[in-house]
Amino acid sequence: MSRLELLTPEGLRVDGRRPNELRKIIAKTSVLAQADGSAYIEQGNTKVLAAVYGPQEVRHRMQILHDRAIINVEFNVAPFSTSERKKRSKNDKYDNGIKLQTSQFPRSQIDIYLQVLQHDGGTLQACINAATMALIDAGIPMIDYVCASTAGCIDKQPVLDLNYLEESSDSPELTVAILPRTGKVNLMSMESRLHVDMLESVASLATEGCEQIHTILDAVVRDTTQHLKDSLMQ
Amino acid sequence: MDVQILSPEAPSKSNSHKNQNAMDVDGGDVQLVMPGETITSDLQFMRGHGTYLDSESTVISSVAGVVERVNKLISVRALKARYTGEIGDIVVGRITEVAPKRWKVNVNGRQDAILMLSAISLPGGIQRRKNEEDELQMRKFFAEGDMVAAEVQAFFVDGAIGLHTRGHQFSKLRNGSLVVVPSALVQRCKSHFHLLPCGVHLVLGLNGYIWVSKPVIGNPESTDEADIERTYSNKNDIIDDAERESIARVCNCLRALARKFMHINDTIIIYTYEASLKYPVKDLLKKDVVDSITSEASHKLTME
C-alpha cells in the first residue's frame with residue numbers, strides 16, 4: 001500500500017480539515033415515535049441512531065436489582081455501513097461509561113439500542129453522543145451530558161476527530177468522554193500504541209473536542225425542548 | 001511555512017453564559033434547563049425531582065425540562081418522560097401478569113403498577129372480603145392483556161403504584177381502541193370520563209393511555225343479572241359502522257394532537273373532531289391535515 005499523505009505540508013488533512021477541527025455534526029432528537037427517547041447523529045459520514053426504552057419493568061425476573069435499574073446496551077453495525085460490505089462478528093461490545101442516576105429507578109430496566117448506519121471512523125464517540133441525546137430525550141436523570149470525542153496523532157501532530165481513512169492507516173486513536181460541567185473524564189480508550197510524550201497533548205485536544213461537541217448537542221437539545229415547551233404552552 | 005491554526009469555534013465555558021438568569025427563579029417566564037446546568041447556588045432552596053446537589057450545595061438539573069418552584073423547593077419537570085403517579089390519578093392500563101392476590105398492570109410507568117385483589121369491586125357491588133375462592137378465579141375478573149381503568153390509591157415502598165377499581169366508573173375496558181400519547185399532554189381535570197357529543201366515550205388516563213370506545217349502555221350500578229355479568233365481560237357489543245368511524249376519527253384526532261404536542265382535554269378533542277369532519281378519517285394523519293385541524297382547534301380554543 002502506498003503511503004497516503006494524511007497531513008499536507010500546509011497542515012491540512014485528507015478531507016481538508018485543520019488538525020483541530022471537528023467534522024460537521026448534524027444531530028436530532030425524538031426521531032422514533034415508539035421509543036421513549038431517540039436520537040440521530042451524523043459526525044461527518046459516521047451516522048448513528050440511538051433508541052432508549054424505559055425505565056420499564058424488568059423483562060427477566062432473575063435480573064432485578066432491588067436498589068437500582070439495570071442498563072442493557074445493544075450495539076449493532078449495519079452490514080451496509082462500511083465501504084466493503086461484510087458481515088460483522090456479533091459481539092462487538094463497548095461499554096460506554098454513561099453516567100446515570102440509576103438509583104432512582106429500583107427494579108426497572110433501561111434498554112439502549114445503538115445502530116451504526118454508516119461507519120466512517122469514530123463510531124464509539126458517535127454512539128456515546130447519540131446515547132446521551134436519546135437518554136436526555138427520554139427524560140432520564142443524568143448527572144450531566146456525556147460528550148465524547150476522538151483524537152489521534154499523525155506525524156507527531158495531534159489531530160482531532162479521525163475519519164475512517166486516518167483511523168485505518170495505523171495512526172493511534174484515543175477516545176475520551178467527559179462530563180463537561182466538571183470536566184471529569186468518564187472514559188478513555190485506546191487500542192493502539194501512542195508515545196507517552198504525546199498522550200497529554202492528544203488527550204487535551206480530545207477534551208477540547210468534547211467541549212465543542214457539548215455546545216452543539218446542548219444547542220440541539222435546548223432547541224427541541226424549547227419547541228416542545230412552546231407547543232405545550234400555546 | 002508557518003500556518004496559524006485557529007479553532008473554528010471557541011468552546012464555551014459551560015457556566016458562563018447560561019446562568020445569567022440563574023438566580024431569577026421568580027421570573028415570570030418559564031426557565032428551561034439542560035442536564036448539568038446550574039439552577040441556583042442559593043443555599044435557601046431545596047432540591048426536588050430532576051435535580052441534584054453537588055458538593056458545593058448548588059442545585060443542578062439532571063433532566064432537560066422546565067423549572068418548577070413551590071416555595072423553597074425547586075424541581076425540574078422533563079417534558080417527555082414516563083408517567084409518575086400521584087394519588088387520585090385516573091389511569092388506563094393493561095394487565096401484564098396475574099400474581100398471587102394481585103395483578104401487575106402496565107401503566108407506562110417505571111415499573112408495573114399493582115392492583116390488589118382486595119382493591120377491586122365485585123360484580124354487582126357486593127361488599128365482602130375476598131376469599132380463597134376469589135383468589136382461584138382471578139382470571140375471571142382480569143386476565144393478561146385486559147385493559148382496565150383504575151385510580152391510583154397508594155404507593156408501595158419501592159415506588160410501585162397501587163391501584164384500585166372500586167366504584168362503578170372503573171371497570172374492564174372493551175368496545176373500543178387504545179391511543180397512546182405522551183403522558184405530559186394529559187392534564188389533570190375534574191373528570192377523566194367524557195361522553196363526547198359525537199357519541200364516543202373517552203377515558204383520559206393521566207398516564208397517557210386514552211381509551212376511546214362506544215358508550216356503555218345500561219346503568220352500571222344496577223344489580224340486574226345481565227349488568228353484573230357485563231362488568232367483567234370479555235365480549236364486545238355489536239358496534240355498527242357509523243360508531244366505528246367516529247371512534248376511529250376521535251383516535252386519529254388524538255394522534256394528531258399528540259403529534260403537535262398539544263395539551264389534550266375534552267374541549268380541544270371536540271374542536272379537533274369538528275374541524276376534522278371535512279376530511280375522510282383515513283386522511284387525518286397526513287401532515288397538512290394534521291396542521292390544519294389542530295391549528296383550527298387551538299384557534300377556536302383561544303377565541304373563547
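How many aromatic pairs does a search of the whole structure find over all chains? In this predicted model, the search returns five. Two of these pairs, both in chain B, are described here, together with the strands around them.

A pair of aromatic rings is described by the distance of the centres and the angle of the planes. For B:Phe142 and B:Tyr232, the ring centres lie 5.3 Å apart and the planes meet at 80 degrees, so the arrangement is edge-to-face. B:Phe142 sits in the loop between α2 (138–141) and β11 (147–155) of chain B, while B:Tyr232 belongs to the loop between α3 (225–231) and α4 (241–259) of that chain, so the contact ties together parts that are 90 residues apart in sequence. Both B:Phe142 and B:Tyr232 are buried. They also belong to one aromatic cluster, which B:Trp103 and B:Phe141 complete.

A further edge-to-face pair is made by B:Phe170 and B:Phe193; it is classed this way because the planes stand at 65 degrees, with the centres 6.0 Å apart. This pair, too, links distant parts of the chain, 23 residues apart: B:Phe170 is in the loop between β12 (161–165) and β13 (172–173) of chain B, and B:Phe193 is in strand β15 (residues 193–195) of chain B. B:Phe170 has a relative accessibility of 5% and counts as buried. B:Phe193, at 19%, also counts as buried, since the cut-off is under 20%.

Strand β15 leads on to a sheet. Four strands of chain B form an open, antiparallel sheet in the order β14-β17-β16-β15. Its edge strands are β14 (176–180) and β15 of chain B, each of which pairs on one side only. From one strand to the next, the twist averages 20 degrees. Three bridges join β15(B) to strand β16 (residues 201–204) of chain B in the antiparallel sense, and B:His194 has B:Leu202 in β16(B) as its bridge partner. Helix α4(B) packs on this sheet, touching β14, β16 and β17 (209–213) of chain B, and its direction makes about 160 degrees with that of β17(B).

What, then, of strand β12(B)? Five of its five residues are buried, so β12(B) is largely enclosed by the rest of the structure. B:Ile161, B:Leu163 and B:Thr165 are buried on one side, and B:Gly162 and B:His164 on the other. Strand β10 (residues 113–120) of chain B pairs with β12(B) in the parallel sense over three bridges, and B:Ile120 stands opposite B:Thr165. By contrast, β11(B) and β12(B) run antiparallel, joined by four bridges, with B:Phe155 opposite B:Ile161. Their hairpin has five residues between the strands, and there B:Gly159 takes a positive phi near 95 degrees.

Methods:
Residues are numbered from 1 along each chain as its sequence is written. Chains are lettered from A and ligands numbered from 1 in the order in which they are written. This is a predicted model: local features need pLDDT of at least 70, side-chain atom pairs count only at pLDDT 80 or more; totals for chains, interfaces and linings use all residues. Side-chain values use heavy atoms; hydrogens and water are left out. Rings of Phe, Tyr and Trp (its six-membered ring) pair if their centres lie within 6.5 Å; planes under 30 degrees apart count as stacked, over 60 as edge-to-face and the rest as tilted. Helices (H or I, at least four residues) and strands (E, at least two) are DSSP runs, numbered from the N terminus. Buried means under 20% relative accessible area, exposed over 50%, partly exposed in between (1.4 Å probe, protein chains only). Two strands pair if DSSP finds at least two bridges between them. Axes are lines fitted to C-alpha atoms, for helices over the stretch in contact, and angles run from 0 to 180 degrees between N-to-C directions. Contact means heavy atoms within 4.5 Å.
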